[in-house]
Amino acid sequence: MTSAQLPGDPPGGRRAVAVWGLGVAVYFVAITYRTSLGVAGIDAAERFHINASALSTFSILQVLVYAGMQIPVGLMVDRLGTRKVLMLGVVLFTLGQFGFALSHSYPMALVSRALLGCGDAMTFISVLRLGSRWFPARRGPMIAQVAALFGMAGNLVSTLVIARALHSAGWTTTFAGSALGGVAILVLVLLFLKDHPKGYEPAPASHMGADYVRRQIADAWREPGTRLGMWVHFTTQFPAMVFLLLWGMPFLVEAEGLSRATAGQLLTLIVLSNMAVGLVYGQVIARHHAARAPLALGTVGATALLWGAVLLWPSAHAPMWLLIVLCVVLGACGPASMIGFDFARPANPPERTGTASGIVNMGGFTASMTTLLAVGVLLDLTGENFRIAFASVFVLQALGLAQILRLRGRAHRRERERVVASRVEAVHVPA
């Protein structure tokens, strides 16, 4: 069960919802830009005259930049605060989207996606930090899931709006028009975003250059909860990310013989499932922290089972009902990956949450990057055999599962020790 509000906890309330909601809006725009290539993969291959490996390089580079920026961004958030980091992120991902709209060559498009990935990397950790500064700690799991829920709604803009606009308005108009959302959100951040409520300023911390950086990273990594959180994120997030970010549309259209409209509806189903499951997972974990590991492991098992069923289906095309169930289960991957932050959060003090969150967030995107590359290479080597290429998912799931099982007990014992210690420290004896 959740505990009562602790001394020093932010009060929450309408003001907190408004400020935090603005941060979530930034994340929503970033997700829209991140996933816009997922519905434009076929168009991009034609526009830049590239094969599957070159097409996957777009998303690999974007995710590589995103993953590589996670620890630096976590350090920036801990040191500079949320507002400055979010402002920089908005500027970068908006420039990246504009650049992608105007790209006529493959190298220029690659640079634009890298820029977009750099800006995108600055959003989610900042939103997590914003939530911890404006809401009581007991709200942490639910706040994180709701942030991810609204962020995932950006996928709906990609699948429902950008996909259609590409065929009616064309490449440049569609991507340049969507980039105007970044300009609008930047103005709102400049005018209204605040790092923390008045009277709840964080304690000043001494930042000693390289020593500070090394200490933050080492202390966060030393906690088993941080490492467990990273591997949970690694193992749960990437199957859905790979599907939505790039390979879902080509797989459904070229391997399963569906129309682009039907494939788009299935991608939308993943997003809707993500939003619904996120609410359930957030409520369950907020009330019962012991449910974290079973939910994460259950999601991994269900994903592997459905993924295998589709790939091993004896006929050429899997039946529609099975593809629907797969997409519903893939929708649980995002909420399950958020459980990683719920392991890292209680393992680290507030002044280190940004760095710890960066380490966790790096996990899933490292797995996504690896799988995006593996699928693209295997498609080229096997003559676009999606069943063989998509089997690479099982390798990373097995690796992540082994690490989760190895660290689970250690992290639980360490967390229990910290809870006992904090309760002792919270005891107040009147003079």
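**Cavities and a pocket in a predicted model**

There are 3 cavities of 30 Å³ or more. A cavity is a set of points on a 1 Å grid over the protein atoms alone where a 1.4 Å probe fits but cannot get out. Grid points are joined across faces, edges and corners, and a volume is the space filled by probe spheres set on the points. This is a predicted model: local features need pLDDT of at least 70, side-chain atom pairs count only at pLDDT 80 or more, and totals for chains, interfaces and linings use all residues. Residues are numbered from 1 along each chain as its sequence is written, and side-chain values use heavy atoms, with hydrogens and water left out.

Trainee: What volume does the largest cavity have?

Mentor: Start with its lining: residues with an atom within 4 Å of a point. There are 24, and Tyr-27, Met-152, Gln-237, Met-241 and Gly-334 lie nearest the centre of the largest cavity. Its volume is about 260 Å³.

Trainee: Which helix gives the most to the lining of the largest cavity?

Mentor: Helices (H or I, at least four residues) are DSSP runs, numbered from the N terminus. Helices α1 (14-35), α7, α10 (224-255), α11, α14 (333-344) and α15 (353-381) each supply at least two residues of this lining. The top giver, with 5 residues, is α10.

Trainee: How many residues in the lining of the largest cavity are nonpolar?

Mentor: Ala, Val, Leu, Ile, Met, Phe, Trp, Tyr, Cys and Pro count as nonpolar, Asp, Glu, Lys and Arg as charged, and the others, Gly among them, as polar. The lining of the largest cavity has 9 polar residues and 1 charged. The nonpolar count is 14.

Trainee: Which element gives the most to the lining of the second largest cavity?

Mentor: The second largest cavity has a volume of about 40 Å³. Its lining includes Arg-34, Gln-62 and Asp-120. Two or more residues come from each of α3 (52-80) and α5 (106-120). With 3 residues, the answer is α3.

Trainee: How much space lies in the second largest pocket?

Mentor: A pocket is an open set of points with protein on both sides within 12 Å along at least five of seven lines. This one is lined by 13 residues, including Thr-159 and Arg-260. The helix that gives the most is α7, with 6 residues. The space comes to about 240 Å³.

Trainee: Where does Leu-295 lie?

Mentor: Contact means heavy atoms within 4.5 Å. Not counting residues up to four places away in sequence, Leu-295 touches Tyr-281, Val-284, Ile-285 and Ile-339. Leu-295 itself lies in helix α12 (residues 292-311).
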